[in-house]
Amino acid sequence: MSKDVKIKRGANINLKGAAEKLHTNTITATEVVLKPTDFPTLIPKLSVKVGDKVKAGSPLFYNKEIEEVLFTSPVSGEVVDIVRGDKRKILEVKVKADAEIQYESFKQADASTLSREEVKENMLKSGVWPFIRQRPYDIIANPKDTPKSIHITAIDTAPLAPDYGFIAHGKSALFQAGLDALVKLTDGKVHLNINGNANADEVFTTAKNVQINKIAGPHPAGNVGIQIHKIEPINKGEVVWTLKALDVLTIGKLFKEGKFDATRSIAFAGSLVKKPSYIRTVLGAKIDAIVKGNVEEGGRYISGNPLTGTKISEDGYLSFYDYQLTVIPEGGNNQFMGWLAPGFDKFSLSGTFFSKLMPNKQYDLNTNMNGEERSLVVTGEYEKVFPMDIYPVQLLKSILVDDIDNMEKLGIYEVAPEDFALCEYACTSKTPVQHYVREGLNKLKKEMS
Amino acid sequence: MKALDNFMQKIKPKADGKFPLAYTVWDGMYTLFFVPGHTNKNGVHIRDGIDLKRTMVMVILALVPSLLFGIYNVGHQHFLALGEVTTASHVCDMFWDKFIFGALKVLPIIIVSYGVGLGVEFIFAAFNKHSIQEGFLVSGMLIPLVLPVDVPLWMVGVATVFAVVIGKEVFGGTGMNIVNVALTARAFLFFAYPTKMSGDEVWINTGLEEGQQLVDGFSGATPLAQAVKGGTEALNTMNASVMESFIGFIPGSIGETSTLAIGLGALLLLITGIASWRIMLSTFAGGYVMALLFNLWGANPFMELTPIHQLVIGGFAFGAVFMATDPVTGSQTNTGKYIYGFLIGIFAIMIRVFNPAYPEGVMLAILFMNIMAPLIDHYVVAANVKRRLKRVSVKA
């Protein structure tokens, strides 16, 4: 039984510089970093020290609260640096890569012949476990839970997002091997949510042992939280695990070949990229080799998409979950009488700019806030881009006043910060909504544990 | 513009200096000229072009037709009272005389409202050490437009101070107020100085110079007052038929008389999406339904007015378009907006018809519903919570 979901509320932000569907380059990263800060609420404990030799798949650090969850090196080489921030918080674990990658070997087996415990153990040891996230809280799944179901999103609707179908094309065997492993982890169903706007790639449409749902509509249709809400909403006490279809490939490789192979294709996009296209690299790769000579001056480098991504420097590193590197112009210039300008070059969800008359225009947006932070005044704009049966503003306000009881009632268990990204984009008062939602989730997690 | 930017940067006072007020004023002025180039740090990297200033400016633009018409009408009513023009003469007769006369009467009220209101805002902003929020840009224009032309300027000042301090700042400033600021000002004057805010004397400026006299049979009453006495017939004799009231050459508060001009503003607000169409639509619907019921009942001449006629006289249209749609004091949920607007319409006509002492029912209706809006939202949200809880029990 599959479901067709059509999402109406939302918006696609049509940015210049979408990646052309071809692989232009394979970049062998010289340095790779794993950032504990990519995993909200994680308290990392180091397993290595500077100077240690590691293989791809050797643990670098682990979760202090759930010690089975390991974070393993994406490449083989030498641990060269451990960057710490305030209060000695671990920010980055740096590994200098060997020219030839050595892999740690893990169990190589058809997952459908293994028990649930064996599958779990293999995934935890090899470091692919953190790809699985859970709702509530939008954090790494707790291996002790048995989720109600698992949702895999095979569509990314964010601005300049990679086409999962293009990256996964022709890798049906790997994909199915990954799915077979995931099927073992739940008593319920594994849902594969595929693109309903266009024809999804056959890798996804021919997947077996899963329920395939078609999702159509504008962003945030690709957000797994929205998909879950439409297909089988989460109630208090329930746990649903989520992951991206591309991560299933990595899991598939583990069971097929017995190694943690963190190489991946990413979309290299944005208006400042000279030739936006797809690039083969590795998880956590240093981006300097990718961007050198390929981008214009004055850009902001974002690991991920412009709505939810992380700001990194031009010699920064890709984040754990990102299949996208975006470069857009950095703002910072004052705009004379900006509040009165006709605004042909600004994309707005309100009707106050003339750009509204050009629905198919591609925009070259910079990082300007276009205003200052204010009290919440305008109503109704969050609701226009928030396709859940949840009142986003009321939920946000309950978070702001630390009202745990109301957060629960208003549906915080179903949401992740990324679901609020468009609200934050649209907000007239420039409220940092995603930040608040993250804080609310952290608070709730603390309260519940 | 670089020169202006450089100049402004040069005279920038210290934020924590001796005169915090100086910095607040500078900041207010600077951000008026330039949208500062702050960039997004965390969260989204790109942002919508709109900000609160632009939102407020759109509302002010929407008020311009009403303002211009109001200025003209002040002059028109004045010369009508003197008998220098008649209702039959062409609109362009003495056009500039009327317009300049009106401007001389209206502009001082606007200046006082903005001057006093912004002054209070600046002081509070400096005191609280935050930047100026733009809420008063609209309130400062709304206050003059809902007052009669003959209101003394000191009263405008006092009312503005009251509205900004008691109506808004005590609750925490822009975005936090319970009741509409402009209506607070009007209600304050209405109850504190009723002789200057109601009756037949205040709506038309009849300041006479030497050798001038009023025309025979001049009354100065508004259509609302006349309608209470004589219904449709009285309105028609005072040249306030449905069409005439719609266009707006009738006595009344400065900006409220022309439903046509208000309609132009409403159009801008709806196209830009600044005002809620839900509230606007449901307010008119509520007013229409109530007026229709009264019309069917028909116990007195006022009740016999056609529903459309009810909607085009008095401040109903102005209130529905510019006051009821205030996002801060109105209902915030989409479902709530329908209920909120509909009840405003109902109450506005009900108060107007049942209580001749308060002809301007729309003001009281909106203030009342402002207070009720959080309650409406509470029940709308509670229904959502209940519906979501039900999902569990259905499955179990």
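**Exercise 1. The contact between chains A and B**

Determine how many residues each chain gives to the contact in this predicted model, and which elements of chain B take part.

*Solution.* Step 1: chain A contributes 61 residues to the contact, and chain B contributes 49 residues. Step 2: on the side of chain B that touches chain A, two or more residues come from each of helix H2 (20-33), strand E1 (34-35), helix H3 (52-82), helix H11 (259-272) and helix H16 (361-395) of chain B. Step 3: sorted by class, this side of chain B comprises 22 polar, 19 nonpolar and eight charged residues.

**Exercise 2. Strand pairing across the chains**

State which strand of chain A is joined to E1(B), and in which sense the two strands run, parallel or antiparallel.

*Solution.* Step 1: strand E21 (residues 335-336) of chain A is joined to E1(B) by two bridges. Step 2: the two strands run antiparallel. Step 3: within E1(B), B:Phe34 is the bridge partner of A:Phe336.

**Exercise 3. Two helices of chain A**

Classify the arrangement of helix H3 (residues 172-183) and helix H6 (residues 245-257) of chain A, and describe their contact.

*Solution.* Step 1: the two axes come within 7 Å and cross at roughly 90 degrees. Step 2: angles of 65 to 115 degrees count as roughly perpendicular, so H3(A) and H6(A) are roughly perpendicular to each other. Step 3: the residues of H3(A) in the contact include A:Leu174, A:Phe175 and A:Leu182, and those of H6(A) include A:Val248, A:Ile251 and A:Phe255. Step 4: by class, this contact has 10 nonpolar, two polar and two charged residues.

**Exercise 4. A sheet in chain A**

Give the order of the six strands in the open sheet of chain A, and identify the edge strands.

*Solution.* Step 1: the order is E2-E17-E16-E20-E18-E19, with mixed pairing. Step 2: strand E2 (23-26) and strand E19 (310-312) are the edge strands, each pairing on one side only. Step 3: from one strand to the next, the twist averages 30 degrees. Step 4: strand E16 (residues 263-269) pairs with strand E20 (residues 324-329) in the parallel sense over three bridges. Step 5: A:Thr326 in E20(A) stands opposite A:Ala269.

Note on methods:
Residues numbered from 1 in each chain as written. Chains lettered and ligands numbered in written order. Predicted model: local features only at pLDDT ≥ 70, side-chain atom pairs only at ≥ 80, totals over all residues. Axes fitted to C-alpha atoms, helices over the stretch in contact; angles between N-to-C directions. Helix = DSSP H or I, 4+ residues; strand = E, 2+ residues; numbered from the N terminus. Parallel < 35°, antiparallel > 145°, perpendicular 65-115°, else oblique. Contact = placed C-beta atoms within 7 Å. Nonpolar A, V, L, I, M, F, W, Y, C, P; charged D, E, K, R; others polar. Pairing = 2+ DSSP bridges.
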